[in-house]
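The exercises below are to be worked with the sequence and the coordinates at hand. Each task is followed by a stepwise solution.

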Amino acid sequence: MVDTNKLIKIFDTTLRDGEQTPGVSLTPEDKLKIAIQLDKLGVDTIEAGFPITSRGEADAVKAIAEAGLKSEICGLARAEPKDIETALKCNVDLVHVFIATSDIHMEHKLKMGRDEVIKKAAEMVKLVKERGVPVEFSAEDACRSDPDFLIKVFQEVSKAGADRIDVADTVGIMNPTTMFDLVTKVKQAVKEPISMHCHNDFGLATANSLAGMLAGAERIHVAINGLGERAGNAALEEVVMSVQNLYQKETNINTRLIYETSNLVSRLTGINPQPNKAIIGDNAFGHESGIHVHGIINMPITYEPLEPETVGRKRWIQAGKHAGTHGVKAQLEELGYEASNQQVKEILGRVKDLGDKGKRLTDMDLDSIARSILGQESEERVLELIDISVMTGIKSTPTASVKISMNGETHVAAETGVGPVDSAIKAIQKISDKIAHIRLKDFRIEAISGGTDALGEVIIKVEDNEGNIATARSSDGDIVIASTEAMIDGINKILTKKKISSPKEQLANP
Ligand code: KIV
Ligand code: ZN
């Protein structure tokens, strides 16, 4: 049972401010897919978009508002009747009305005086309320506004019927101390619940949101992966995990779905988070140094402040020049090898030599070192490619059909895609999905030699829905064949890891 006194509400703006990330543009279908996932994740509010922006945007917001989701669906509107009418036509549950209150914005953008801004803000809040729809009012650039004027604006919109008041740090210039003081003042002046909307220009969006929460804000605006204008908004994953773990407050978020949601948003927006990004970055639960790996093998809390599983992830070990015997041994076991202490030492020596030469080792490299020293094959191959054929052309849809042996049984599948490689990978997944949900995380093609008969090398990274990751590589004169073989190799590696890790779960979580 959630303790409502401790509950912090999550207002997700991935589909609005997040979509304002430079270079991001989502189709209505993609927006709906993300909204469905955010609803599953448990966000209290989904800011579905800014309906006045375009016909497609309004259609997407309407489709989301009418999709029967549990989350409250919100549309953004400037303090302008046409924006508000367009948002209301989308059947949203809440209109988020904003107007700038800083002298900088009023003078250089709005060309309006203070009295005019107050009047407009109050009138537009009333307009929405007369239609029976709740309003969250944001003072844009609140944090660079004259604090007395800001409070006056908030008091007037409160009288006009605003249901919530949002303090927007539009250009991310606050620090936790100044934010705490400002929100304390706002809290004393208005009775409505307060929201935080923080941008990350100085990397303080999460810290400032939490400072606002400590001063009494009860709702935080966030975006998945910290997407948003310029350096982005406060990241949902950081805010939620901090609220719950560092402040012992609660949210309605099912944290185990955070990573899956982050992956969906990365895939559909084309923006991959930096590897060292907190919670969802590739390295957030990766360990390399021998000392750390030894620690986490004995007791994960030595070097992990959070259990990776709580956000839907798995810890992993990187072989490299900082590695130690415990880590290499654990990694070899995960790859399906049995090695004596002497063999582990020998493998570790090779790993360190390569690390000293600046090579970033993948599990694939460790696999080939182990293979050469132990003379064993690691994985038992569950999938084998029997045949593949592809059809492509300017006027026809690229199609691939594959014949694969899986656990000794022959399966055939065909799929279409944006090109022959995409269709081939999808056709393989259609078959492998019957036993495991494995997706491509990374795909690279490199030409090994010049000319039209060049050998193409395909390097892929795949991940399953439990967070198991594997890399695989294959080369061929035909890049469709190279891609197909690399994908099948990657799937076999994940299946080996899954098989081995189940009884070893105790080692990972003693
Ligand atoms: O950053 C901002 O000020 C905004 C407003 C629309 C709330 O995104
Ligand atoms: Zn914003």
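**Exercise 1.** In which loop is aspartate 141 found?

*Solution.* Conventions come before the steps. The model is predicted, so local features need pLDDT of at least 70 and side-chain atom pairs count only at pLDDT 80 or more, while totals for chains, interfaces and linings use all residues. Residues are numbered from 1 along each chain as its sequence is written, chains are lettered from A and ligands numbered from 1 in the order in which they are written, and side-chain values use heavy atoms, with hydrogens and water left out.

Step 1. Helices (H or I, at least four residues) and strands (E, at least two) are DSSP runs, numbered from the N terminus.
Step 2. Aspartate 141 is in the loop between S5 and helix H6 (147-159).
Step 3. Its phi is positive, about 55°, although the residue is not a glycine. Most residues other than glycine have a negative phi.
Step 4. Buried means under 20% relative accessible area, exposed over 50%, and partly exposed in between (1.4 Å probe, protein chains only). Aspartate 141 has 1% relative accessibility and therefore counts as buried.

**Exercise 2.** Describe the backbone and the accessibility of asparagine 91.

*Solution.* Step 1. Asparagine 91 sits in the loop between helix H3 (81-89) and strand S4 (94-100).
Step 2. Phi of asparagine 91 is near 60°, again a positive value in a residue other than glycine.
Step 3. Its relative accessible area is 40%, so asparagine 91 is partly exposed.

**Exercise 3.** Which residues coordinate the zinc ion (ligand 2)?

*Solution.* Step 1. Donors are N, O and S atoms within 2.8 Å of the metal (3.2 Å for Na, K and Ca); water is not among the atoms, so sites may look incomplete.
Step 2. The zinc ion (ligand 2) is coordinated by Asp17 (OD), His197 (NE2) and His199 (NE2), at 2.0 to 2.1 Å.
Step 3. The sequence spacing of these donor residues is D-x179-H-x1-H. Distant parts of the chain are linked here: aspartate 17 lies in the loop between strand S1 (9-12) and helix H1 (28-41), and histidine 197 lies in strand S7 (residues 194-198), 180 residues apart.
Step 4. Both aspartate 17 and histidine 197 are buried.

**Exercise 4.** At what angle do the axes of H1 and helix H10 (residues 258-269) cross?

*Solution.* Step 1. Axes are lines fitted to C-alpha atoms, for helices over the stretch in contact, and angles run from 0 to 180 degrees between N-to-C directions.
Step 2. The axes of H1 and H10 come within 10 Å and cross at roughly 170°.
Step 3. Angles under 35 degrees count as roughly parallel, over 145 as roughly antiparallel, 65 to 115 as roughly perpendicular and the rest as oblique. H1 is therefore roughly antiparallel to H10.
Step 4. Contact means heavy atoms within 4.5 Å. Among the residues that meet are Ile34, Leu38 and Leu41 in H1 and Leu264, Val265 and Leu268 in H10.
Step 5. Ala, Val, Leu, Ile, Met, Phe, Trp, Tyr, Cys and Pro count as nonpolar, Asp, Glu, Lys and Arg as charged, and the others, Gly among them, as polar. By class, this contact has 7 nonpolar, 2 polar and 4 charged residues.

**Exercise 5.** Classify the packing of helix H12 (residues 325-334) and helix H13 (residues 341-356).

*Solution.* Step 1. The helices H12 and H13 pack at an angle of about 105°, with their axes 10 Å apart.
Step 2. H12 and H13 are therefore roughly perpendicular to each other.
Step 3. Thr325, Val328, Lys329 and Leu332 of H12 make the contact with Asn341, Val344, Lys345, Ile347 and Leu348 of H13.
Step 4. These residues divide into 5 nonpolar, 2 polar and 2 charged.

**Exercise 6.** What is the strand order in the open sheet that contains S15?

*Solution.* Step 1. Two strands pair if DSSP finds at least two bridges between them.
Step 2. The order of this sheet of 3 strands is S14-S15-S16, with antiparallel pairing.
Step 3. Strand S14 (438-447) and strand S16 (469-476) each have a single partner strand, so one side of each is left without a neighbour in the sheet.
Step 4. From one strand to the next the twist averages 20°.
Step 5. S14 is joined to strand S15 (residues 456-464) by 9 bridges, and leucine 440 stands opposite valine 462 in S15.
Step 6. Helix H14 (residues 363-374) lies across S15 and S16, at about 75° to S16.
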